[in-house]
Amino acid sequence: MTDITLAPIQPDQPSHLMATYGRQAISFVRGRGAYLYTEDGTEYLDALTGIAVCGLGHAHPVIAEAIAEQAATLVHTSNLFEIPWQTAAAQKLAEVSGMEEIFFSNSGAESNEGAIKIARKFGTQQGVRLPKIIVAEQSFHGRTLATLSATGNKKVQDGFAPLVNDFIRVPFGDVEAIQEAALQHPDIVAILIEPIQGEGGINTAPQGFSYLEEVRNICNQHNWLMMLDEIQTGNGRTGKYFAYQHTNIVPDVLTTAKGLGNGFPVGAVMTQGKAVGLLGPGSHGSTYGGTVLGSRVVYTVIDTIQKENAVENAAVVGRYIVDQLRSKLADKNVQVRGFGMMIGIQLPKDCAELVAIARDQHKLIINVTAGSVVRLLPPINMTQVQADDLLERLVTLINSYI
C-alpha cells in the first residue's frame, strides 16, 4: 500500500471545496461495523451509517476484499462491451426485487431521473403530449433539476427556478387527493412516491403500507405507472428487502441506491410489467453506470445481506429498538415511528442541536430531519448488544433534553 499521510488541516487554511455542505467539526479516519473512529482513536456509535448507506456497517471484510480484488483486476471497460459482473448483479437484484429489467446508475437522483424519463416515454407512447407525474408533499427525490422539481421541499428548490414542469403534488397518504387529481388532469401518466418519507421526517402514511395497495389500484384503474422511490427504504432497511414487500403489490418502476453499494456510489432503476422495454438503445445511458467494479460490489452486497440474514435481523432488532424507545420514553410526549432500521423519534419541539450534543457528550452519531425528528438509520446487521448501547446513549440524551 502506498504510504500517504495527510497533514492536519489548519484552522486558517483556505478550502477549495465548494461550500455546499454545513459540515460538522469532526472527521473520522476509520470505521468497523457500527462504530467510527477519529484520528486519536475516540470511538463513536454510528446510528446514521452515512444516511442509510452503509447498511452492513463500515469496512465489512467481505465487501472490502471484493473491492480490493476487483480494483486490482479490472475497474472499468464501458457499456460498449459485455460486463459479466453487471449481468450477475442484475440477476441478483431482480431476484430480491421482483423486477424484470435493471439499469445501473451512480446515485439515487440519477435513478429517479431514469424513472421520470420512463414515465414520460410511457406517456408519449400513450399519445399524451405533456405527460404529468403525481408526487407527494414533503417528499425528497434528489437534487438534480428534475428530481428537485419532484421533491416536496421548497428549501431544496429555492433559487433554481424555473423548475421542471408537470409534477402534480398531493398530500402523502391522501388517496382522495390522488383521485381528485385524476379527474382534473387527464394527462397524468404516473405516480412517484416513497413508501416511507425519509428526509420528510420518517413519515408513514396514516393507513400504513396499505396505502401502497390503494395507489396500485388507482394506477391500474387509470393505466398509470406506479413508481416507488426506495432509495432510502430499500436493501433491507425496513425489515423487507424492499419496503413495498410489506404488501402484496409490485410497482411498475422501482428505484434504489444508498445501501445497494454499502458506501460505493451506485444506484438502479428497475422495471416490470408495462414499464419493460420503454428505454431502448440510445434513449438512456451512463458512462459509469454498472462498471465492473460497481457491479461486483452490488453482487457482493446482496449476497452478503442474504448470507447474514441481515434483512430478518433488521426487522427483529429494529422492532426491539422501537419497543424499547416507546417504553423508556413513554412519559416524554414523543412519537416513535418507522420500520426495521429506519426509525424516527418525533420530539415536541425543534431539536437540531441534539446532533452536536449526541456527538460531543454521548459519542453518538444521529441526524435530525424535519426540524424535530431524531432520525436513526443504524446498520441492518446491528446486534442486540449494539442496540442496547444505542438505546442507553439515546435515551439518556433525550431524557436530558425534554
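These are my notebook entries on the folds and contacts I looked up in this predicted model.

**Entry 1: the whole chain**

I started with the overall make-up and found twelve helices and 15 strands in the protein. The radius of gyration came out at 21 Å, close to the 21 Å that the globule rule gives for 402 residues, so the protein is as compact as a globular protein of that length. I also looked up the box that the C-alpha atoms fill: roughly 60 × 55 × 45 Å, taken along the principal axes.

**Entry 2: the mixed sheet**

Next I went to an open sheet of four strands, which I read in the order S1-S2-S3-S13, with mixed pairing. Which strands sit at its edges? I noted strand S1 (30-32) and strand S13 (364-365), each of which pairs on one side only. I then checked how S13 is joined to strand S3 (residues 43-46): the two run parallel, with two bridges between them. For a landmark on screen, I picked Asp46, which stands opposite Ile365 in S13.

**Entry 3: the antiparallel sheet**

Another open sheet of four strands has the order S11-S12-S15-S14, and here the pairing is antiparallel. Strand S11 (335-339) and strand S14 (367-369) are at the edges with a single partner strand each, so one side of each has no neighbour in the sheet. From one strand to the next, the twist averages 25°.

I looked at one pair in detail. S11 and strand S12 (residues 342-346) are antiparallel and share five bridges. Val336 has Ile345 in S12 as its bridge partner.

What packs on this sheet? I found helix H10 there, touching S11, S12 and strand S15 (373-376). The direction of H10 makes about 10° with that of S12.

**Entry 4: H10 against H12**

I stayed with H10 (residues 310-328) and turned to its packing with helix H12 (residues 384-401). Their axes are 10 Å apart, at an angle of about 30°. Angles under 35 degrees count as roughly parallel, and H10 and H12 are therefore roughly parallel to each other. I logged their crossing as right-handed.

Then I listed who meets whom. From H10 come Val317, Tyr320, Ile321, Gln324, Leu325 and Lys328. From H12 come Gln384, Ala387, Asp388, Leu390, Leu391, Leu394 and Val395. Sorted by class, this contact of H10 with H12 has nine nonpolar, two polar and two charged residues.

**Closing note**

H10 is the element I would colour for my own orientation, as I have it packing with H12 and touching S11, S12 and S15 in the sheet.

Conventions. Residues numbered from 1 in each chain as written. Predicted model: local features only at pLDDT ≥ 70, side-chain atom pairs only at ≥ 80, totals over all residues. Heavy atoms only, no water. Axes fitted to C-alpha atoms, helices over the stretch in contact; angles between N-to-C directions. Parallel < 35°, antiparallel > 145°, perpendicular 65-115°, else oblique. Left-handed = near helix turned anticlockwise from the far one by under 90°. Contact = heavy atoms within 4.5 Å. Nonpolar A, V, L, I, M, F, W, Y, C, P; charged D, E, K, R; others polar. Pairing = 2+ DSSP bridges. Rg over C-alpha atoms; globule rule 2.2 N^0.38 Å.
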